[in-house]
Amino acid sequence: MLKYLLPLLIFVVMAIFLGLGLNLKPNEIPSPFIDKPAPSFSAAKLDNPEQKLTPADLKGQVWLFNVWASWCVSCREEHEVLNQFAQQKAVTIVGLNYKDDPAAAKNWLQGLGNPYDVSIMDQDGRIGIDWGVYGVPETFVVDKQGIVRYKHTGPVSAEDIQAIFLPLITKLQAGT
Amino acid sequence: MKYVSIIVLLMLSYWAVAVDTQQLATPEQQAIYESLTSELRCLVCQNQTIADSNAELAADLRRQVAEMLEQGKSKQDVINFMTERYGDFVLYKPPFKAKTSLLWLGPGLFLLFGVIAVLLVVRRKKMSSAGAIISSEKQKKISKLLEEGDGS
């Protein structure tokens, strides 16, 4: 009896492990910043490099921190979703223009629309390192106290907005 | 043969394509730099270390490591800096924690299962061969038959 059961058992165990493996997303590394204060920065604004933005300026509001670049192919896919989302005015959207040429970045926003309330520049990628950015696009949700609440790696889809971002933002907006 | 060796040598030249490495002030720092960059994972191309990778992020992280060492930071400082930002995943040698215990103990557990399985099989074999002892009467009959067989 055992002779026949054993291979079946081994098969079931392997199937479970392989099945779990299929559903794992090795590209999505859990961010160590969840429920931690947003990493600080003081960065020049894209449209006006004289002015700087720091996370402290955004205290008291819920904000989305979206890492983008004009060279990033999947950002293009995400851009339309962000444009539509921005029209709802549900949240402040801050763009981090990551390792990009400012002229190319401005061109991109002019051509495709600008969903960002403000974009800041990170030409040498240091803010990116501080935020643990490893793939563009990435999107963080930061609450009113400046605590990172969520991180999304890869392009945000319209479904993600409906299923994840909107409920979370509504909840955070209701908080103090 | 000549061609084969040429091809093999050309394949080996892959190793000579060095990724831009930083030159640090002292040999000690250089040694720490080299050991660090070969212990940190490039997060874009996950199966390469930042020393091996040509990805831009890897170059930025190498620059970061070099700068921190030049500022007099220790190896542990750099490792802390990286794990604060990217989590334990950035380390090729993750620390032993509850979350990584399966990773560290897994191979040992598999070895243990293997040893137990082998012991069980060996024991079963022994038991079944013990059961195969046949009565001396039958044994005699068998040898007689065998002898007869030889004769023909």
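Predicted model: local features only at pLDDT ≥ 70, side-chain atom pairs only at ≥ 80, totals over all residues.
**Entry 1: A:Lys89**

I first located A:Lys89, which lies in the loop between helix 2 (73–87) and strand 4 (92–98) of chain A. Residues are numbered from 1 along each chain as its sequence is written, while chains are lettered from A and ligands numbered from 1 in the order in which they are written.

I read the phi of A:Lys89 as near 50°, a positive value in a residue other than glycine. Is A:Lys89 buried or exposed? A:Lys89 counts as exposed because 9 other C-beta atoms lie within 10 Å. The cut-offs are 20 or more other C-beta atoms within 10 Å for buried, 12 or fewer for exposed, and partly exposed in between, with C-beta atoms placed from the backbone.

**Entry 2: other backbone points in chain A**

I looked up A:Asp35 next, in the loop between helix 1 (2–23) and strand 1 (43–44) of chain A. Phi of A:Asp35 is near 65°, again positive in a residue that is not glycine. A:Asp35 is exposed, since it has 11 C-beta neighbours inside 10 Å.

I then checked the peptide bond from A:Val136 to A:Pro137 and found it cis, with omega near 0°. A:Pro137 sits in the loop between helix 4 (126–130) and strand 6 of chain A. For context, most residues other than glycine have a negative phi, and most peptide bonds are trans.

**Entry 3: strands of chain A**

I followed strand 6 (residues 138–142) of chain A to strand 7 (residues 148–153) of chain A; the two pair in the antiparallel sense over five bridges. Pairing requires that DSSP finds at least two bridges between two strands. I noted A:Phe140 opposite A:Lys151 in strand 7 of chain A. The hairpin has five residues between the strands, and A:Gly146 takes a positive phi near 85° there.

In strand 4 of chain A I picked out A:Thr92. A:Thr92 is partly exposed because 16 other C-beta atoms lie within 10 Å. Which residues does A:Thr92 touch, not counting residues up to four places away in sequence? I listed A:Leu58, A:Gln61, A:Trp63 and A:Asp117, a contact meaning C-beta atoms, placed from the backbone, within 7 Å. A:Trp63 is 29 residues from A:Thr92 along the chain, yet their C-alpha atoms are separated by 4.6 Å.

**Entry 4: chain B**

I counted six helices and zero strands in chain B. Of its 152 residues, 15% are buried. Helix 2 (residues 27–37) and helix 3 of chain B pack at an angle of about 145°, with their axes 10 Å apart. The axes are lines fitted to C-alpha atoms over the stretch in contact, and angles run from 0 to 180 degrees between N-to-C directions.

**Entry 5: the contact of the chains**

How many residues does each chain give to the contact? I recorded 13 residues from chain B and eleven residues from chain A. On the side of chain B that touches chain A, helix 3 (56–70) and helix 4 (75–86) of chain B are the elements that give two or more residues. Helix 3 of chain B gives the largest share, five residues.

Technical notes
Contact = placed C-beta atoms within 7 Å. Helix = DSSP H or I, 4+ residues; strand = E, 2+ residues; numbered from the N terminus.
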